[in-house]
Amino acid sequence: MGDEYLSAYPKITDYSWQKRRDYLVLVAAIAMADQQLHPDEKQLLNRWMDEFHLTPKGREAVLAVLRRRKINIRAIELRLAKSELIYSLVLDMMGMAMADGVLMDDEIYLLRDVATNLKIDPTDFNILIEFVHSAHQAATLSSPEPLYEHNIDSAFQLLRSHEVSLFPHTLMCVSNPDFDRQLKARWAKFLIKRPNSRGKRR
């Protein structure tokens, strides 16, 4: 499968470097929620810092989290709460938490707390976390499983109803890059159908 569908996606680099920095600082925070950084999590963060075109100052802010320096997560949440980035951010935080193959209780607690402070409805949060789990499971199957397909479709319908911005980097299935691309292609069809591909925060 080619990546032509990615042309329908908005670009994360269209946002200010401060928002891109804040976004990855929160992703780094979930990676460090269990007090250790898995090699897959570190690789993913390094790739995203490149793709986000972070400034040296922005990179240092992300790396400071990995060095366990204290950060004001609440202040960052307040800055991002009214932006179009919040659903992509929560999906990426969920994907980062799953990068080591295990979703720990302390990671779920932090995810739920961040989502609450970003003003994401608890029902929406549950739909997104079911999406992440279902994508992870569906990627291992040779044929579609109705329950997983239902959870995936429910998440796409939710995201479309909110006119959410997702980006080429946004994680849909961290455990299987091929299935991740398939899901991105499915989401791109929603983007092509609507007049404005840049989401609106409601």
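1. The expected span of a helix is 1.5 Å times one less than its number of residues. Helix H5, residues 86–97, has 12 residues and should therefore span 16 Å, and its end C-alpha atoms are 16 Å apart, which agrees.

2. This is a predicted model, in which local features need pLDDT of at least 70, side-chain atom pairs count only at pLDDT 80 or more, and totals for chains, interfaces and linings use all residues. Residues are numbered from 1 along each chain as its sequence is written, and side-chain values use heavy atoms, with hydrogens and water left out.

3. The chain has nine helices and zero strands. Helices (H or I, at least four residues) and strands (E, at least two) are DSSP runs, numbered from the N terminus. Read from that end, the elements run α-α-α-α-α-α-α-α-α.

4. The C-alpha trace spans about 45 × 35 × 35 Å along its principal axes.

5. Of the 202 residues in the chain, 49% are buried. Buried means under 20% relative accessible area, exposed over 50%, and partly exposed in between (1.4 Å probe, protein chains only).

6. Contact means heavy atoms within 4.5 Å. Take the contacts between residues at least 6 apart in sequence: 79% of them join residues at least 24 apart.

7. Helix H5 is mostly covered, with 12 of its 12 residues buried. Among them are Tyr87, Asp92, Met93 and Gly95. The buried residues of H5 pack against helix H1 (17–31), helix H2 (39–51), helix H4 (73–80), helix H6 (105–117), helix H7 (122–138) and helix H8 (146–161).

8. Where is isoleucine 12 found? Isoleucine 12 lies in the segment before H1, and this residue is buried, with a relative accessible area of 8%. Not counting residues up to four places away in sequence, isoleucine 12 touches Arg20, Glu51, Phe52, Leu85, Phe167 and His169. Glutamine 137 is 125 residues from isoleucine 12 along the chain, and their C-alpha atoms are separated by 28 Å.

9. As to charge, the chain has 28 positive and 27 negative charges, whose mean positions are 9 Å apart. Lys and Arg count as positive and Asp and Glu as negative; His and the chain ends are not counted. The place of a charge is taken as NZ of Lys, CZ of Arg, CG of Asp or CD of Glu.
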